[in-house]
Amino acid sequence: MRTNLNHRKQLSGLRNVGILAHVDAGKTTVTERILYLTGTTHKRGEVHDGTTVTDFDSQERDRGITIFAAAVSCDWDGYSINLIDTPGHVDFSDEVERSLRVLDGAVALFDAVAGVEPQSESVWRQADRHGVPRIAFVNKMDRPGADLDAAVDSIRRRLHVTPLVVQLPIGKEAEFSGVIDLLTMRAYSWNDTLTEGPVPDALVEQAMRRRRLLEEAVAELHPVALDEFYARSTVSGETLAAALRDLTRSGTGVVVLCGSAYRNCGIEPLLDAVVAYLPSPQEVSAVRGLWDGAVQERTADPTAPFAALVFKVNSTATGRLTYLRVYSGTIRKGETVVDAGTGRTERISRILRVQADQHAEVQQAVAGDIVAVVGPKLARSGATLCVPAAPLVLEPPSVADPVVSVAVEARRSTDTDRLASALTRLVEEDPSLTVRTDSETGQTLLSGMGELHLEVAVEKIRRAHGLEVRVGRPQVTYRETVAAGVSGFVYRHVKQDGGAGQFAQITLDVEPLEVPDDRPEGFEFRSVVVGGRVPQEYVRAVEAGCRDALAEGPLGGHPVTGVRVTLTDGATHPKDSSELAFRTAGRLGLREALRATTMALLEPVAELTATVPEDTVGGVLGDLSARRGRISATTSRPGTMVIVATVPLAEVFGYATQLRSRTQGRGTFTTRLTGYVLAPGVKSGESR
């Protein structure tokens with residue numbers, strides 16, 4: 001019993017937290033200050049000096065951005081915190097997705113000047129999908145133009161959440177020096193070290209007014225706070241803290257703090273908020289998995305059967321590291337586990353606590369832990385490792401489809417095999433990368449989430465493997481969709497080559513799949529066959545065959561999306577019909593049916609946000625129009641203009657150089673993939 005109590009105590013004092021934000025919002029600087037203040041490091045790392053702990057990769061230091069999610073651990077006020085610093089660039093959103101899958105909470109950073117930026121919104125939506133509780137930290141309060149109220153208003157408007165501001169800044173812009181805690185009504189200021197004191201007289205009235213607004217906002221959302229507010233016309237600090245904890249963990253409200261990580265302001269209260277408001281592994285819902293078609297739950301219990309999810313694989317000079325989130329049970333060095341998806345057994349030879357690129361060996365890992373293990377040879381990202389006696393398959397992180405491709409080849413023919421091996425390792429480490437061979441040209445195509453994503457991947461091949469590589473021009477990944485369908489299309493599959501033959505006859509209706517926002521996507525299959533003319537097991541085979549056919553469309557061999565297929569009739573043979581025959585009929589039949597429809601090409605589009613000097617706006621707008629961009633918003637800021645436009649992704653290639661030229665190097669931009677739209681041009685079937 002004492003052991004179980006100790007385990008529960010350890011779990012309640014653990015936080016698995018991620019840092020989420022738009023690029024350049026200060027995620028890595030916040031992480032560095034946390035490591036320094038908790039005594040994990042003894043020197044403050046700086047991004048501009050290339051001395052940060054989490055941006056340890058040479059490319060990250062060269063480019064000054066986070067590319068790979070990095071895990072670190074620290075202790076604060078008796079709590080253990082596993083922290084993951086995630087990338088902020090849109091091209092590396094898959095790293096964020098895999099991190100969010102294994103986190104229990106997150107800190108969302110926002111720039112005090114820009115507020116909610118495009119990638120801030122994207123990562124927030126990703127966290128929504130995973131149900132990850134969040135608190136917000138408005139960073140860079142010392143910058144010219146910093147405005148906490150404006151940033152909070154953008155959080156409310158763009159993220160559609162209720163922000164609960166628990167601090168009042170002391171000073172503005174360059175004069176920013178501290179915060180007032182609205183729960184304790186104490187002032188905290190930083191001048192190399194933290195100083196606590198009473199609220200300055202000049203700010204007492206404003207602090208009282210902000211405290212009242214906080215009480216009213218919390219009372220509207222939390223029944224206990226509401227009862228106390230009605231009974232006493234106020235809410236105590238203890239009730240506020242408990243209510244904020246409940247609202248954060250339920251996602252009903254978002255606690256907002258502020259500071260300046262670069263100037264070491266506001267990090268201690270942020271750490272206090274992490275342990276006070278974000279949940280421990282014990283306090284999140286039990287993880288669900290499948291086995292033999294039945295849903296099973298596993299709680300964060302170290303004595304339960306072991307189950308862990310692989311969320312990252314990394315090949316280092318010393319071997320292959322497999323990163324795990326342990327959801328239940330305990331794993332010890334030397335034990336054997338099974339990959340539930342493949343049935344392969346893997347031996348755990350070492351268990352490591354991760355500190356970015358540094359590792360400390362431990363003897364075991366328990367439920368709630370995030371660790372790296374050495375030993376598994378074939379486990380991929382998304383795999384479930386569990387004890388053989390209690391298998392379970394956990395839901396893997398989703399992987400977005402790649403949108404940009406480049407042709408790669410070794411500069412020396414003798415390096416072709418080495419390049420193939422390097423590409424295989426790349427795809428193993430980053431599931432959002434894919435490699436295929438073009439059937440027409442024979443070229444090897446590397447596909448990813450964007451131009452920068454592919455640049456980083458190719459550079460990694462050059463640096464890590466010492467290979468000289470030729471790279472072609474980037475090409476976007478198109479889709480095909482049905483513009484006008486066909487009804488009653490009959491396909492008959494007959495094959496007789498000795499022995500049992502194959503026979504299947506199907507009748508298909510093919511039509512566009514209507515979805516919101518005029519962005520055709522997805523696939524829907526249904527059967528209206530009556531009278532048992534096609535048995536149910538054959539209907540499933542037809543659906544599988546139709547899904548096979550969607551891999552290549554008739555226009556240019558692009559994947560097909562935005563289509564509904566209805567099986568209306570069919571016929572069978574008493575001996576020659578089989579699931580294989582009907583799957584083949586589904587595949588070949590839909591291919592023929594698509595040729596009989598009017599098909600249209602879809603191209604990927606991105607939301608482009610450019611920040612440019614006011615005197616260059618005309619030229620930038622003209623250039624965006626020439627790139628087929630549609631301006632959706634413009635926002636004026638002191639001395640600059642923010643332009644938001646929807647632009648075909650193919651037109652974004654090389655835009656950085658053009659923007660620098662038009663703005664004398666003063667303009668910046670970011671992009672965020674938003675979906676697919678109809679591409680201009682002739683549709684198939686229009687001339688028929």
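Reply:

P535 is found in the loop that runs between strand 33 (523-527) and helix 13 (536-549). The model is a predicted one, and every value below is computed from it. With a relative accessibility of 26%, P535 counts as partly exposed, because the class of partly exposed residues lies between the 20% limit for buried and the 50% limit for exposed.

Once neighbours within four places in sequence are set aside, D569 is in contact with Q505, I506, T507, V529, R533 and V534. One of these residues, I506, is 63 residues from D569 in sequence, while their C-alpha atoms are 5.9 Å apart in space.

C546 counts as buried because its relative accessibility is 0%. C74 likewise counts as buried, at 4% relative accessibility. The closest cysteine sulfur to that of C74 belongs to C265 and is 19 Å away, which is too far for a bond. A disulfide is a covalent bond between the sulfur atoms of two cysteines. A search of the whole structure finds zero disulfides.

P388 lies in the loop between strand 23 (384-386) and strand 24 (393-394). Its relative accessible area of 53% makes P388 exposed. Residues up to four places away in sequence not being counted, P388 touches T336 and V338. P388 and R344 are 44 residues apart in sequence, and their C-alpha atoms are 9.9 Å apart in space.

E117 is found in the loop between strand 4 (105-111) and helix 5 (118-130). At 17% relative accessibility, E117 counts as buried, because the limit for that class is under 20%. With neighbours within four places in sequence left aside, the contacts of E117 are H22, D111 and R158.

Backbone torsions draw attention to two further loop residues. D24 lies in the loop between strand 1 (14-20) and helix 2 (27-37). Phi of D24 is near 70 degrees, a positive value in a residue that is not glycine. D24 counts as exposed, at 54% relative accessibility. R628, in the loop between helix 15 (617-626) and strand 36 (630-637), has a positive phi of about 65 degrees although it is not a glycine. At 36% relative accessibility, R628 counts as partly exposed.

Two packed helices are described by the angle between their axes and the distance between the axes. Helix 7 (residues 204-221) and helix 8 (residues 223-232) pack at an angle of about 125 degrees, and their axes are 6 Å apart. That angle makes helix 7 oblique to helix 8. The crossing of helix 7 and helix 8 is left-handed. On the side of helix 7, the residues R212, E215, E216, V218, A219 and L221 take part, and they meet P223, A225, L226 and F229 in helix 8. By class, this contact of helix 7 with helix 8 has seven nonpolar, no polar and three charged residues.

Helix 11 (residues 416-429) and helix 12 (residues 451-465) form another packed pair, with an angle of about 120 degrees and axes 11 Å apart. Helix 11 and helix 12 are therefore oblique to each other. The crossing of helix 11 and helix 12 is right-handed. In helix 11, R418, L419, A422, L423, R425, L426 and E429 meet A457, K460, I461 and H465 of helix 12. The residues of this contact of helix 11 with helix 12 divide into six nonpolar, one polar and four charged.

Technical notes
Residues are numbered from 1 along each chain as its sequence is written. This is a predicted model: local features need pLDDT of at least 70, side-chain atom pairs count only at pLDDT 80 or more; totals for chains, interfaces and linings use all residues. Side-chain values use heavy atoms; hydrogens and water are left out. Axes are lines fitted to C-alpha atoms, for helices over the stretch in contact, and angles run from 0 to 180 degrees between N-to-C directions. Helices (H or I, at least four residues) and strands (E, at least two) are DSSP runs, numbered from the N terminus. Angles under 35 degrees count as roughly parallel, over 145 as roughly antiparallel, 65 to 115 as roughly perpendicular and the rest as oblique. A crossing is left-handed if the near helix is turned anticlockwise from the far one by less than a right angle, and right-handed if clockwise. Contact means heavy atoms within 4.5 Å. Ala, Val, Leu, Ile, Met, Phe, Trp, Tyr, Cys and Pro count as nonpolar, Asp, Glu, Lys and Arg as charged, and the others, Gly among them, as polar. A disulfide is a pair of cysteine sulfur atoms within 2.5 Å. Buried means under 20% relative accessible area, exposed over 50%, partly exposed in between (1.4 Å probe, protein chains only).
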